[in-house]
Amino acid sequence: MRLDALTLYDFRNYAHLEAQFVPGVNLILGENAQGKTNLLEAVAYLSTGRSFRTARPQELVRFGADFADLNAELFSAGRQQTARAVLFAGRRPRQIYVGGVKQKTAAALDGLLTTVLFCPEELQVLKGGAAARRKLIDTALCQLRPNYARALAEYTKLLDSKSRILKDWHEMPSLLEPLPEFSLRMAQVGAVIVSYRARYLKKLAEAAAEYHSEFSGGQERLTLSYQTVSTIDDPFADQKTLFERIFEHQKRHERAEIDAGQCLTGPHKDDFETFINDRPVKSYGSQGQTRTASISLKLAERELMRRDTGEEPLLLLDDVLSELDAKRQDFVLNQIRTGQVLITCCETDRLTELGKVMLIRDGELI
Ligand code: ATP
Ligand code: MG
């Protein structure tokens, strides 16, 4: 898997960009607010069909422009391919093209260009709220498993509808009528989600433990535990059993949900906890341990993609190296010797000898 070229029109602060990439390390250099992260965001968008910074595609269109046009030339699954996204400033839905052919949904992009993004916020992912950890699992799984991506999309829609009902039924009690139907379907789709997450996290944990152990000279043992709906005692059980457990939990909380006006039960509350030598990182991890653990998770994510697709995913490192001390920088740099990498950094960094250097100034490639 390789990104060869990127062409942008009216994307973020780029009026027009034509960039070519080498198979190894591509260094995207520039001062603050010049467009480095924007460039990674464009690549990630063509990879996952969404932005890692905003849920509002309109924000991606350059101020004053009507639409943004993103194009990638890439080598994937043994052949040259193209991916394109057109995003509109107004309400018009976005358009996705693969090989010049218009696609019904962005799911067509999944697996075409797999990417792993690593940014400074992720160094804190193990300390903060559960949403960021769910996002980490979901972003990876959606790229690897189209069935998961579909289930998650359906679940998100159901959750939206059910939440609206629970919020508004006071004004219109008849809204409650279809509630059991939504709950039932959410339990069915929820079972699919839990099943995929459990299996993915198990593999992620094994791979991450190896990286973490290597970095800590064998001193520290990193483990993860998946936390899902409390009635599920075995997340590896078959989907029928998972469904029954989720449904049971839902039934128990039916009244509470209506009273609270909120959707209280289901895998949208999932989380995972990390431990170093059996102590929770969240409460006891030092800054350094937390960072190393999150680096290990990211490297593990990349390894699982490589194993699964047989191709090295494109690694997008946004500003993350400058946040690390020399020892951790070297650890990361040593691990990324193979495969293609896009690294952003500021002009003063020590990384300039690594590969092709691309200087960005005010939305232009110099
Ligand atoms: P840093 O080193 O601080 O992370 P950066 O080079 O990564 O900087 P970006 O996040 O890529 O900077 O953003 C560059 C600029 O893009 C910002 O000044 C921002 O105002 C501008 N920008 C963001 N969205 C748009 C848009 N829709 N149209 C025009 N400019 C935009
Ligand atoms: Mg940036």
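1. Ground rules. This is a predicted model, where local features need pLDDT of at least 70 and side-chain atom pairs count only at pLDDT 80 or more, while totals for chains, interfaces and linings use all residues. Residues are numbered from 1 along each chain as its sequence is written, chains are lettered from A and ligands numbered from 1 in the order in which they are written, and side-chain values use heavy atoms, with hydrogens and water left out.

2. Who sits around the ligand. Ligand 1 has 16 residues around it, and Asn32, Ala33, Lys36, Thr37 and Val61 come nearest. Here a residue is near if one of its heavy atoms lies within 4 Å of the molecule or strand in question. By class, this shell has seven charged, six polar and three nonpolar residues. For the classes, Asp, Glu, Lys and Arg count as charged, Ala, Val, Leu, Ile, Met, Phe, Trp, Tyr, Cys and Pro as nonpolar, and the others, Gly among them, as polar.

3. Polar contacts to the ligand. A polar contact is a pair of N or O atoms within 3.5 Å; within protein, one must be able to donate a hydrogen and the other to accept it, and residues adjacent in sequence count only if both atoms are side-chain atoms. Lys36 puts a polar side-chain atom 2.7 Å from an oxygen atom of ligand 1.

4. Salt bridges. The structure holds 28 salt bridges, each a side-chain nitrogen of Lys or Arg within 4 Å of a carboxyl oxygen of Asp or Glu. Take Arg53 and Glu41, whose closest N and O atoms are 3.3 Å apart. This pair links distant parts of the chain, twelve residues apart: Glu41 is in helix α1, Arg53 in the loop between α1 (36–48) and β4 (67–76). Helices (H or I, at least four residues) and strands (E, at least two) are DSSP runs, numbered from the N terminus. Glu41 is buried, with a relative accessible area of 0%, whereas Arg53 is partly exposed at 41%. Buried means under 20% relative accessible area, exposed over 50%, and partly exposed in between (1.4 Å probe, protein chains only).

5. Two more pairs. Asp4 and Arg2 form a salt bridge with closest N and O atoms 2.7 Å apart; Asp4 is buried at 18%, and Arg2 is partly exposed at 26%. In the bridge between Lys251 and Glu254 the corresponding distance is 3.2 Å. Lys251 is partly exposed at 46%, as is Glu254 at 38%. Shared partners also join Arg12, Glu41 and Arg53 into one salt-bridge network.

6. Cys119 is buried, at 8% relative accessible area, and Cys263 counts as buried at 8%.
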